[in-house]
Amino acid sequence: MKVTEHLKKAKKPLFSLEILPPLKGKGIQSIYDGIDPLIEFGPSFINVTYHREEFVYKKREKGYLEKIAIKKRPGTVGICAAIVNKYKIDAVPHIICGGFTKEETENALIDLNFLGIDNVLALRGDPIKTEPGFVAEELGHSYAGQLVNQIVGLNKGDYMDEDLQNATPTDFCIGVAGYPEKHFEAPNLKTDMKFLKQKIELGAEYIVTQLFYDNNKFKDFVNLCRAEGITVPIIPGLKPISTKKQILSLPKFFHIDLPDDLVDAVEKCKDNDEVKQVGIEWAIQQSKDLIDFGVPCIHYYTMGKSVATREVVKAVFG
Ligand code: FAD
């Protein structure tokens with residue numbers, strides 16, 4: 001079932017999960033171990049992230065360095081199929097522009113369609129770690145909006161081969177990313193909002209946000225979206241903080257601010273067990289307040305670590 005149908009049918013707020021494929025070499029059991037403890041609370045859908053290649057340098061004979069492209073976390077499509085098969089829960093694969101030509105994107109969408117997966121989250125993708133910025137493939141997309149446009153085209157039966165007659169249309173429900181604290185490359189929130197609106201006008205049907213810890217930032221973002229005429233559902237993304245290090249790493253990686261109260265509480269903790277409790281309590285309060293605000297669903301970034309998320313969904317949805 002499509003994410004938008006889940007949201008429409010729901011009589012109360014829903015929750016969803018986001019997981020990432022395990023490092024290459026690890027089995028599918030590690031995915032199940034992260035999902036199993038949360039199943040009893042009824043997640044409505046599970047997103048699976050997509051990770052493009054990274055470059056590593058291998059030492060070779062005579063000191064030469066060989067640059068090799070490797071995918072450390074392959075398996076997004078297979079994991080989605082396994083989730084649907086094992087749990088009968090809808091899986092939402094992330095599909096990115098980075099590393100894909102338009103034809104490769106089309107073929108990936110055909111695979112998903114054949115598997116019966118009717119949801120995708122369309123993203124530009126992060127830049128390759130060792131490169132200063134995002135570089136599109138020569139025959140690929142530069143922005144998520146262009147990817148949305150291609151998926152919408154396929155939903156109308158427009159394949160890249162112009163000689164195809166009576167091609168079967170796909171029927172994907174398309175979600176996109178939104179940033180309550182602005183995407184880090186956007187010069188300002190107004191510009192970022194303009195392109196977010198463009199993604200919706202091109203055919204995206206809902207927004208999932210970057211994680212945040214200050215609900216006021218999310219509420220301002222929703223109000224701004226509504227004022228700009230963006231009417232689709234907006235699903236907030238939350239991740240319970242769990243280590244002291246994260247008060248430095250989260251702002252760095254996700255370009256977000258942490259509220260003073262949260263930083264103070266984490267700094268007072270003696271160890272990471274105490275930080276976990278602070279993180280769980282913060283996420284519970286955030287979730288309850290967001291539900292009061294009227295969100296249709298809360299998206300938890302579990303990233304395979306279910307212990308803290310379990311405590312949160314038990315308190316909020318249990
Ligand atoms: P876009 O919407 O394309 O925006 C990127 C930047 O370009 C923004 O600054 C925007 O304002 C600007 N822009 C947009 N359109 C235009 C245009 N037409 N002209 C000029 N400027 C424009 N990354 C992964 O690699 N894999 C994942 O699985 C993944 N999952 C994610 C899930 C969520 C919910 C979120 C919030 C992010 C995720 N990301 C993932 C990270 C994401 O790929 C990065 O944040 C990326 O830098 C931007 O992606 P986007 O889809 O928001 O890009």
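Reply: Hi! One definition to begin: buried means under 20% relative accessible area, exposed means over 50%, and partly exposed lies in between (1.4 Å probe, protein chains only).

Me: Thanks! What sort of model is this?

Reply: This is a predicted model, where local features need pLDDT of at least 70, side-chain atom pairs count only at pLDDT 80 or more, and totals for chains, interfaces and linings use all residues. Residues are numbered from 1 along each chain as its sequence is written, and side-chain values use heavy atoms, with hydrogens and water left out.

Me: Okay, is K88 buried or exposed?

Reply: K88 is exposed, because its relative accessible area is 65%. You'll find K88 in the loop between α3 (76-87) and β5 (90-96). Those labels are DSSP runs numbered from the N terminus: helices are H or I with at least four residues, strands are E with at least two.

Me: And what is the phi of K88?

Reply: It is positive, about 55°, although K88 is not a glycine. K182 also has a positive phi, near 80°, and is a residue other than glycine. K182 sits in the loop between β7 (173-178) and α6 (189-202), and its 22% relative accessibility makes it partly exposed.

Me: New topic! How many aromatic pairs are there?

Reply: There are 7. Rings of Phe, Tyr and Trp (its six-membered ring) pair if their centres lie within 6.5 Å; planes under 30 degrees apart are stacked, over 60 edge-to-face, and the rest tilted. One of the pairs is F212 with F218, which is stacked at 5.2 Å centre to centre, with 10° between the planes.

Me: Why does F218 count as buried?

Reply: Because its relative accessible area is 0%. F218 also pairs edge-to-face with F293, at 6.2 Å centre to centre and 75° between the planes. That pair links distant parts of the chain, F218 in helix α7 (residues 215-227) and F293 in helix α10, 75 residues apart.

Me: Which residues of α9 make the contact?

Reply: D261, L262, A265, V266 and K268 of α9 meet E274, V275, V278 and W282 of α10, where contact means heavy atoms within 4.5 Å.
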